[in-house]
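Please keep the sequence and the model in view while reading.

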Amino acid sequence: VQLQAFGGGLVQAGGSLRLSCKTSGTIYGFDYLGWYRQAPGKQRELVARVIRGGTKTYSDFAKGRFTISRDNVENTVYLQMYTLRPEDTAVYYCNGKWQRTDYWGQGTQVTVSP
């Protein structure tokens, strides 16, 4: 099982970015898929997650600004981020659980300038 994350970059505060996470297997094979982030000097934290049945969970900082979605045909999970803030600067990681094992994609850097 592989997860490949794309879409990071540099954006000004108030801007938007969309991250993509392409899975090597059908997304319905995962108990859940989601995004974490890790800023310098901080612990990795959950951003958003969608479980197999479709229920979505967001951390408080993501509510109202970020949207997680999935494409069943492309086997891809997206994280659409709006109204980005400098404190959103971090490496963003795709995560998924497949047959009781957690898998991680490579990180993608998101940098938000003031």
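Cys21 is buried, because its relative accessible area is 0%; the term buried means under 20% relative accessible area, exposed means over 50%, and partly exposed lies in between (1.4 Å probe, protein chains only). Cys94 is likewise buried, with a relative accessible area of 0%. The model is a predicted one, in which local features need pLDDT of at least 70 and side-chain atom pairs count only at pLDDT 80 or more, while totals for chains, interfaces and linings use all residues. Residues are numbered from 1 along each chain as its sequence is written, and side-chain values use heavy atoms, with hydrogens and water left out.

## The disulfide

How many disulfides does the structure hold? It holds 1 disulfide, a term that denotes a pair of cysteine sulfur atoms within 2.5 Å.

## The chain as a whole

The protein chain has 0 helices and 11 strands. Both kinds of element are DSSP runs numbered from the N terminus: helices (H or I) need at least four residues and strands (E) at least two. Along the sequence, the pattern reads β-β-β-β-β-β-β-β-β-β-β.

A compact globule of 114 residues would have a radius of gyration near 13 Å, and the protein chain has 13 Å, so the two agree. This radius is taken over C-alpha atoms, and the globule rule is 2.2 Å times the number of residues to the power 0.38. The C-alpha trace spans about 40 × 25 × 25 Å along its principal axes.

Of the 114 residues in the protein chain, 42% are buried. Contact means heavy atoms within 4.5 Å. Among the contacts with a separation of 6 or more, 52% come from residues 24 or more positions apart. The chain exposes about 6,000 Å², of which carbon and sulfur atoms supply 47%; accessible areas come from the Shrake-Rupley method with a 1.4 Å probe, and for residues only the protein chains shown count as cover.

The protein chain carries 14 positive and 8 negative side chains, and the centres of the two sets lie 3 Å apart. Lys and Arg count as positive and Asp and Glu as negative, whereas His and the chain ends are not counted. The place of a charge is taken as NZ of Lys, CZ of Arg, CG of Asp or CD of Glu.

## Selected residues

Is Gly34 buried or exposed? Gly34 counts as buried because its relative accessibility is 1%. This glycine sits in strand E4 (residues 30-38). Leaving aside neighbours within four places in sequence, Gly34 is in contact with several residues, including Cys94 and Tyr93.

Asp88 is found in the loop between strand E8 (76-81) and E9, and is buried with a relative accessible area of 1%. Not counting residues up to four places away in sequence, Asp88 touches Arg37, Arg65, Phe66, Thr83, Val110 and Val112.

Thr57 lies in strand E6 and counts as partly exposed, at 42% relative accessibility. Beyond four places in sequence, Thr57 touches Val47, Ala48 and Arg49.

Gly64 is located in the loop between strand E6 (56-58) and strand E7 (66-71). With 82% relative accessibility, Gly64 counts as exposed.

| Pair | Apart in sequence | C-alpha to C-alpha |
|---|---|---|
| Gly34 and Leu46 | 12 residues | 7.9 Å |
| Asp88 and Ser113 | 25 residues | 9.8 Å |
| Thr57 and Val47 | 10 residues | 8.4 Å |
| Gly64 and Phe30 | 34 residues | 25 Å |

## Positive phi values

Most residues other than glycine have a negative phi. Gln99, although not a glycine, has a positive phi of about 50°. Gln99 occupies the loop between E9 and strand E10 (101-104) and is exposed, with a relative accessible area of 61%. Arg100 also has a positive phi, near 70°, and is a residue other than glycine. Arg100 lies in the loop between E9 and E10 and is exposed, with a relative accessible area of 76%.
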